[in-house]
Amino acid sequence: MSKVTIISGTPSEHTRLNGVLNGVVNHLNGVGITPEIIHVRNLPSEDLIQAKFDSEEIIKENKKVEHSNLVVILTPVYKASFSGVLKTYLDLLPQNSLEGKTILPIAMGGTFGHLLMIDYALKPVLTALGATHILKGVFILDSQIKKLGNNRYELDSESKNRLVSSLNIIKTSLPEKSVSGTIL
């Protein structure tokens, strides 16, 4: 069975990026895939900041990535780059841990001026971790995500369509595996 892990690199619990995360999870559930989710902000901060490669929590989360065919990486854009929280976790992934995996980067930012962050900041780090099959990333403006309250969000139709189009590409990007009776 294909295994998917989502790495959420937002430092905030209440963020519009949760709307994107929920959209990804709902789409994957709809095609019979239950993804693992790593909320980097919930990992022990001391382990992240002090680069504790031997941390039980870090090792446990790294196993999720190791056993995945697809890794979806979600990040807000800060100062024209991906979040520092995400960087601290990526630094703790073993060398070549993304080798042989399909990677889908998804970023959310305040202006389309941050669109190139995926290609010029995030993709080089993913490549350094062995990723060779990085899908075209999805960039969503935070203004395209409406706050509904109670940490619930809704993507506008244009951004939702782009997200779904990228997620549908996954079907052709993963090795053929049976998932709930469906061939991906």
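1. Strand 5 and strand 7 are paired in the parallel sense over 4 bridges, where helices (H or I, at least four residues) and strands (E, at least two) are DSSP runs numbered from the N terminus, and where two strands pair if DSSP finds at least two bridges between them. Within this pairing, Ile106 stands opposite Val138 in strand 7.

2. On the basis of the numbers: this is a predicted model, in which local features need pLDDT of at least 70 and side-chain atom pairs count only at pLDDT 80 or more, while totals for chains, interfaces and linings use all residues. Residues are numbered from 1 along each chain as its sequence is written, and side-chain values use heavy atoms, with hydrogens and water left out.

3. With strand 3 it pairs in the parallel sense over 7 bridges, and the bridge partner of Thr75 in strand 5 is Ala107. With strand 6 (residues 133-134) the pairing is again parallel, over 2 bridges, and here Ile103 stands opposite Ile134.

4. How many residues of strand 5 are buried? The count is 8 of the 8, so strand 5 is largely enclosed by the rest of the structure; buried means under 20% relative accessible area, exposed over 50%, and partly exposed in between (1.4 Å probe, protein chains only). Both faces are covered, with Thr102, Leu104, Ile106 and Met108 buried on one side and Ile103, Pro105, Ala107 and Gly109 buried on the other.

5. The largest nonpolar core has 30 residues, and those with the most contacts inside it are Ile7, Tyr89, Leu90 and Leu126; such a core is a set of buried Ala, Val, Leu, Ile, Met, Phe, Trp, Tyr and Cys residues joined through side-chain atoms within 4.5 Å. The elements that give two or more residues to this core are helix 3 (56-66), strand 3 (70-78), helix 4 (84-90), strand 5 (102-109), helix 5 (117-128) and strand 7 (138-141). Helix 5 gives the most, with 6 residues. In soluble globular proteins, nonpolar side chains tend to be buried together.

6. Ile7 deserves a separate entry. Leaving aside its neighbours within four places in sequence, Ile7 is in contact (heavy atoms within 4.5 Å) with Ile38, Val40, Val65, Val71, Val72, Ile73, Leu74, Leu86 and Tyr89. Apart from the core described above lies another, of 25 residues, among them Val4, Val25, Ile106 and Val138.

7. Leu116 is placed in the loop between strand 5 and helix 5, and counts as partly exposed because its relative accessibility is 48%.

8. A search of the whole structure finds 10 salt bridges, a salt bridge being a side-chain nitrogen of Lys or Arg within 4 Å of a carboxyl oxygen of Asp or Glu. In helix 5, Asp119 and Lys123 lie 4 residues apart, about one turn of the helix, and their side chains meet in a salt bridge (3.0 Å, N to O). Asp119 counts as partly exposed at 38% relative accessibility, whereas Lys123 is buried, with a relative accessible area of 17%.

9. Salt bridges that share partners join Lys3, Glu36, Glu57, Lys60, Glu61 and Lys64 into one network. Glu61 is bridged to Lys60 (3.9 Å, N to O) and also to Lys64, with the closest N and O atoms 3.1 Å apart. Glu61 and Lys64 both lie in helix 3, 3 residues apart, about one turn of the helix. Of these residues, Glu61 is buried at 5% relative accessibility and Lys64 is buried at 17%, whereas Lys60 is partly exposed at 44%.

10. Finally, Leu148 is found in strand 8 (residues 145-149) and counts as partly exposed at 37% relative accessibility. Leaving aside its neighbours within four places in sequence, Leu148 is in contact with Tyr153 and Glu154. Its C-alpha atom is separated by 13 Å from that of Asn22, a residue 126 places away along the chain.
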